[in-house]
Every structure is written in C-alpha cells, then in structure tokens.
Amino acid sequence: MTAKAPNVVIVMADQMAPAFLPIYGHPLTRAPNMEALAQHGVVFDSAYCNSPLCSPSRASFMSGLLPSRTRAYDNAAEFRADVPTFAHCLRLRGYHTILSGKMHFCGPDQLHGFEERLTTDIYPADFGWTPDWDRPEHRPSWYHNMSSVREAGVCVRTNQLDFDDETAFMAERAIFDIARSKDRRPFLLVASFTHPHDPFAVPQRYWDLYRDSDIDMPGPATAPDALDPHSRRLRHVCAMDVEPVTDAQVRAARHAYYGAIAYIDDQLGRLMAALRAAGLAEDTIVVLTSDHGEMLGERGLWYKMSFFEGASRVPLVVASPGRLTPRRVAASVSLVDLMPTLIDFSGGDPQSLGIALDGRSLASSLGGGARHDEAIGEYLAEGAIAPLVMIRRGAFKFIHSPVDPDQLYDLSHDPGERDNLAGKAESAAEVAAFRAEVAERWDLAALDAQVRASQRWRRLVGAALNKGEHRSWDFQPLRDASKQYMRNNMDLDDLEAMARFPSIGRPPN
C-alpha cells in the first residue's frame, strides 16, 4: 500500500453468480471490462456471501458481522443504526463516503455511515416482507414466483433499468464532482446495481450479444423427492412446483441473464472510464462483487436462498495499479472480510475498533502473503423453518440445520455438489468434527427463538404502522435545486469555470 490513503470504488451487482462470468471460465458471456479489471487485479476464486439473500448479505458486507450479530435476518429485518459499518470507519478516518444505488437497508437509518446517498433504493425499507416461521406452509404474495422465468425475454424498459441507469449516472457524476471540487479528502464510493437480478428482461442490444442456440442449459434437475428438505421448501416458497417452466423459457431466462451481465459490465466500464478521465484511476482501489448468486435452473432451482454454490458464491476482484500485483487466490473468503480489509486500505487498524469482527482482513492475501481459508454462512429467512448454517473450509462445505439431515460436499472432487458425503461411513469423522464446530460456534436453539421473536414483533409493528397516516422510511434524496446548474445568485463565469473539467483557468481582468 502507498502512504497516501487510496480512494475506494466498490461496484456491487445483485444476484451475479461467478459461474456465469468469463473471469471465472464461462465460455459464452461477454464482460470485457470485468476481464480487464481481473487482468490487473486480484481475483478470489472461492468467495462467498454470508447469507444468500439481499438485505442480510449486504448488512454483513458492510459490518463485517454475521446475520446472527447484525440481527438483519431477512429482507425485512432492521439493520440497526448502532452497528458500525465500513462507511462509519472510513468516514472517521477522513473519507468522503458516498452511496449510489441499492443497499436494501431496512429501518429508519438509510445512511449507515454514508455522508451522501445519491439515489433512493429500489426495494422498500419497512417490515412488509417479514417471513413467518410459525406458518411454513403459508405463501405470502410477495414471495418469489416463476413469472421471472416464464416471462423472460426482450424489453425496452423495466423498473430495474430505470434504477440502474440512474445509479450509474449519479455515480459517474459524483466522480467528476469530486475531481472538480476543492475537497481533497480520499473518497469511498459504492455503486450498487440491481442487475442481473430477476426479472430476466433486457433490451434488444444486450439480447443480441448471444444466439439463442448457443445458450447453455442447466445440468440435470434433481427429482423433487430426491432434493434435500430445504430445497423442497424453496420450491414451495417460489411456487416452482405449481408453475413448471418449459425448456424454451429456461433458455430465455438464461439468455436474458447473460445479457444483464453484459449490461452490468457496461456500467463498470463507464465508471472506470470516468475515473481515468477525472485523473483519479491511479489513486483508486476498485472492488467488484455481488451480494449473492443465482441458481439459474441448476438442480431445478432458481434464485438464491440456499448454500449451494450457485446461490452462495460471489465474484470478488480487487484491483489497483501500483498497489496490487495481479494474481488469483484459491482460498475461501467471504463478504464479511471486506470491512477489515477496507480499514486496512485506509491505513487504520481493524483491531483498534474494539469490535470482535467475524471477518478477517484480506490485506495479506492481496499482497501475496499468508491467507485464511474459511467462509461462514447463516440463512435465517423465508424457506427456512430453523437456522441453516454453512462452514466452507479447505475442500469441504458443511451445511447444517437442526431440522434437516446434514450435507457435506467435497468440492475438489464434486464441484456440482451431487454427492452428499454426510451419510457415508468414510466421512463420519469429518461430519463429527463439523458438528462439534457448529455446536461451539452457535447456540442454534437460542438463535431460532430470537429469529421467531423478531418476526412476531415486526409483523405486529408493521401492521400498526400501516394504519392511519403512513410515514415512510424509504430514502428521499435531498437535492437543493437553488444550488444546481446556473442560478441568479451565482456569477456565470465563476460557475462555468468551477464546473468545467479539466479547468482551463481564467484570463486576468
């Protein structure tokens, strides 16, 4: 690392699984800007989210804490304002902290350490999407269904395109505003997009990047009665059993998903070009990641919410010219590791926070030194009826829930996770060791009780807040029009000189 604290730009996609990216070996998808970033950066080949669902994953990403500690259990659980985030920590170290796009903060605090938030969120901030573990057979209308697959194809506009186009524009303009300003603080800019998250619909130009006949189809589906119990519950939650899809619809959904990856790649390229044009690229560390993956029909499953590779693995690339030597890292890491890593980038000491973080800094791995090899996951949301936890270490992934049979996969020999070793005599020692570790790490009975109590409280509070006059927690960007563009209280020449980049100076009077 250099002496000067570097700027940091984090580009986060939503539901972007590494298996479908060219930087992780997919032969068809087109993402030249991701490839350029990977060519000049450090690529983590075994990075995981800590909860395969948007809001809890993002809370862990920002705080370095697992969902059991943030208590952001699901997509309608409050991310408390007293939980420190990397935005708080870098702001304390003198950074200008900016968020553009999605972060799915639930609750009244919609900033969580960001000094500026440039857009609203695409998803609601209230308690309306609270799961109910007391009624697992009940399917609320807000749960996923198969319409995203059945209706996949070409579009002109969507809600997500409107949102992501705004996210990219505001982030790009923020980069130029920083370059034009007199504020010399280092900056943290998070640009968080909602593609390639379903619904699977893309404009014609992204669809036309691929021929329909070239789209690869998922591997063989597992028969519903042969699925693990959690996967069967997910099929119920997402109505997969009552809304079967055709091969043509599956192909169209994957086709559109690949097109959406190319769309995200364009937004990454746009921001990289802005950094170069603004003269900021050499002083900036760029991080590319996602909040979780997408099953995309593999095993007969769609979306996320499980610890199979498709849903829980994420891309992770960290690049900075002159600071990091390009390499690939095989050891397992996870999103909670980014909080301490960013503090290290800023010149701070994660150990000085007085917080026992669940993540560990990747600084040594990024520098080619010693590296840890572990990812821990918790799933405490819809489709579950009890806590579901995951330990990924070495060749193994162990998945445990008190109500389900264990799952153990050797990913070095079985990357498709088709052979569950947990019931085999030759794996008894590994299973026993993992079960002992689960018992040491978690009090799952207490966690189950906490989650259920939280769900009951939130359903009561949410119902009450929907009575009478509604007061929204959704973020409203505050823009003072009296200070934008040209106004009569401004000197025209001064305004134009300030706004022009690069500055050409002004002749003497």
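Ser57 is in contact (heavy atoms within 4.5 Å) with Cys49, Ser51, Asp291 and Leu335, leaving aside its neighbours within four places in sequence. This is a predicted model: local features need pLDDT of at least 70, side-chain atom pairs count only at pLDDT 80 or more, and totals for chains, interfaces and linings use all residues. Residues are numbered from 1 along each chain as its sequence is written, and side-chain values use heavy atoms, with hydrogens and water left out.

**Around Ser57**

Ser57 sits in helix α2 (residues 54-63). Helices (H or I, at least four residues) and strands (E, at least two) are DSSP runs, numbered from the N terminus. Ser57 is buried, at a relative accessible area of 0%. Buried means under 20% relative accessible area, exposed over 50%, and partly exposed in between (1.4 Å probe, protein chains only). A polar atom of the Ser57 side chain lies 2.5 Å from the backbone oxygen of Asp291.

**Cysteines**

How many disulfides does a search of the whole structure find? The count is zero. A disulfide is a covalent bond between the sulfur atoms of two cysteines. Here the test is a pair of cysteine sulfur atoms within 2.5 Å. Cys54 is buried, with a relative accessible area of 1%. For Cys155, the closest cysteine sulfur is in Cys54, 19 Å away, again too far for a bond. Cys155 counts as buried at 12% relative accessibility.

**Salt bridges**

Side chains of opposite charge can pair when their charged atoms come close. A salt bridge is a side-chain nitrogen of Lys or Arg within 4 Å of a carboxyl oxygen of Asp or Glu. By this rule the count is 38.

| Pair | Closest N to O |
|---|---|
| Arg328 and Asp45 | 2.8 Å |
| Arg233 and Asp404 | 2.6 Å |

Arg328 forms a salt bridge with Asp45. Arg328 lies in strand β11 (residues 327-334) and Asp45 in strand β2 (residues 41-48), so the pair ties together parts 283 residues apart in sequence. Arg328 is partly exposed at 43% relative accessibility. Asp45 is partly exposed too, at 26%.

Glu243 counts as buried at 18% relative accessibility, whereas Arg150 is partly exposed at 33%.

Arg233 forms a salt bridge with Asp404. Arg233 is in helix α8 and Asp404 in the loop between β14 (396-400) and β15 (407-410), distant parts of the chain that are 171 residues apart. Both residues are buried.

Salt bridges also link Asp132, Asp134, Arg135, Asp448, Arg452, Arg456 and Arg459 in a network.

**Helix α14**

Arg458 lies in helix α14. Is Arg458 buried or exposed? At 5% relative accessibility, Arg458 counts as buried. Its side chain makes a polar contact with the side chain of Ser454, at 2.9 Å. A polar contact is a pair of N or O atoms within 3.5 Å; within protein, one must be able to donate a hydrogen and the other to accept it, and residues adjacent in sequence count only if both atoms are side-chain atoms. Not counting residues up to four places away in sequence, Arg458 touches Tyr73, Asp74, Ala76, Ala77, Phe127 and Thr130.

Val461 is in helix α14 (residues 444-465). Val461 is partly exposed, with a relative accessible area of 33%.

**Backbone features**

The peptide bond joining His195 and Pro196 is cis, with omega about 0°. Pro196 is in strand β6 (residues 187-196). Another cis peptide bond runs from Asp198 to Pro199, with omega near 10°. Pro199 lies in the loop between β6 and β7 (201-202).

Leu296 has a positive phi, near 55°, and is a residue other than glycine. Leu296 is in the loop between β8 (284-290) and α10 (309-312), and is buried at 0% relative accessible area. Arg299 is not a glycine either, yet its phi is positive, about 65°. Arg299 is found in the loop between β8 and α10. Arg299 counts as buried, at 9% relative accessibility.
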